[in-house]
Amino acid sequence: MSKVKYYYDSETLSYQKIEKKKGRKLKIFALSLLGTLLSGFLWFLVYINLPSVQTPKELALQRELNNMELQFELLNKKMEQAQAVLAEVEERDNNLYRVYFESNPIPEEQRRAGFGGINRYKDLEGFNNSKLIINTTRNLDILTKQIVVQSKSLDEIARLAEEKEKLLAAIPAIQPVKNEDLTRMASGYGYRTDPFTKARKFHYGMDFTAPRGTPVYATGDGKVTRADNTATGYGNHVVIDHGYGYESLYGHLYKYNVRPGQKVQRGDIIGFVGSTGRSEAPHCHYEVFKDGERINPINFYYGSLTAEEFAEILRKSQEENQSLD
């Protein structure tokens, strides 16, 4: 029950009851409602025009998100640098290493091949930064694949280099008798006068004249396959199989310094100059074979002669004189 309120009327000198007016109540209600709506509208304007107030946890998460975006940008820059370095390695690989080792370059489409099949990045979709994350992940996958391709290529180059090193060590590349031990270069590869029949005959090797007992050296790495005197005309001789289709023969030796089956290296002493077999004077008869065919040994002395010495021995080897065997 509401309290009854009175007021003092000075004219009648008595208390009069205050009567509540219905219009006044309605006016007060309307003013209150208007004030509430106005206050709400003002707060709405403040809300849409001012940054929202975030809790400490939201602020921490926002900092983490900003840091993540920064890290992704730095990662992308590092990948760009790595791709630039890798591109230089790929360039040298195709145009230098593989050319030198006579190997086919790796096709560009093989180096740049993408990833087929299902969507590999479906789990990364649906986030605010999905595009950034997917692009970074894709670039990282491509870079990783390119590194794997290049790594396998370099492994192949290393094998080719090792094989090339073995090949270079195996090729007969020096003279069987040192220049300081030579009396003279008696006869070269080509037609010469036979010392016994005096007929013009093809001479398949080179004759190095030197005193009896002068060391004879292996001209390349290999394995001794013969050290005997059973071949007609060669007397005591040594044959070395160098691999890769190369063989060398050393004839008319005084004695051997190796045995069949023995492995030798370039520069090892395999015997000594003599005049055994079909020989007119002490010398080493030297032949080189490639795939079973005799070839001119003069083309293989790059390992022990200067340009001037090679020119001189080439001149002497081309003189059509009398051979010693």
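User: Before we start, what does "buried" mean here?
Analyst: Buried means under 20% relative accessible area. And keep in mind that this is a predicted model.

User: Got it. Y250 and Y286, then: buried or exposed?
Analyst: Both are buried, Y250 as well as Y286.

User: How many aromatic pairs are there?
Analyst: The count comes to one aromatic pair. Y250 and Y286 make it up, and the arrangement is tilted, with 5.3 Å centre to centre and 40 degrees between the planes.

User: Which strands do Y250 and Y286 sit in?
Analyst: Y250 is in strand 10 (residues 246-251) and Y286 is in strand 14 (residues 283-290), so the pair ties together parts that lie 36 residues apart in sequence.

User: What about F289, where is that?
Analyst: F289 also has its place in strand 14. Its relative accessibility is 14%, so F289 counts as buried.

User: Switching to charges: what does K255 lie over?
Analyst: K255 lies over the face of F272, at 5.6 Å from the ring centre.

User: And which ring has the charged end of R294 over it?
Analyst: That would be the ring of Y204, with the charged end of R294 at 4.6 Å from its centre.

User: Backbone now. What's the phi of H252?
Analyst: Near 65 degrees, which is a positive value in a residue other than glycine. Most residues other than glycine have a negative phi. H252 lies in the loop between strand 10 and strand 11 (253-256), and H252 is buried, with a relative accessible area of 1%.

User: What about D291, what's its phi?
Analyst: D291 isn't a glycine either, and its phi is positive, about 55 degrees. You'll find D291 in the loop between strand 14 and strand 15 (293-295).

User: Is D291 buried or exposed?
Analyst: Exposed: D291 has a relative accessible area of 58%.

User: Last topic, the helices. At what angle do helix 2 and helix 4 pack?
Analyst: Helix 2 (residues 56-100) and helix 4 (residues 130-170) pack at about 25 degrees, and their axes are 9 Å apart. Angles under 35 degrees count as roughly parallel, and helix 2 and helix 4 are therefore roughly parallel to each other.

User: Is that crossing left-handed or right-handed?
Analyst: The crossing of helix 2 and helix 4 is left-handed.

User: And how do the residues of that contact divide?
Analyst: Where helix 2 meets helix 4, the contact residues are 15 nonpolar, seven polar and six charged.

Definitions and conventions:
Residues numbered from 1 in each chain as written. Predicted model: local features only at pLDDT ≥ 70, side-chain atom pairs only at ≥ 80, totals over all residues. Heavy atoms only, no water. Axes fitted to C-alpha atoms, helices over the stretch in contact; angles between N-to-C directions. Helix = DSSP H or I, 4+ residues; strand = E, 2+ residues; numbered from the N terminus. Parallel < 35°, antiparallel > 145°, perpendicular 65-115°, else oblique. Left-handed = near helix turned anticlockwise from the far one by under 90°. Nonpolar A, V, L, I, M, F, W, Y, C, P; charged D, E, K, R; others polar. Phe/Tyr/Trp six-rings, centres within 6.5 Å; stacked < 30°, edge-to-face > 60°. Buried < 20%, exposed > 50% of the residue type's maximum accessible area, 1.4 Å probe, protein only. Lys NZ or Arg CZ within 6 Å of the ring centre and 35° of its normal.
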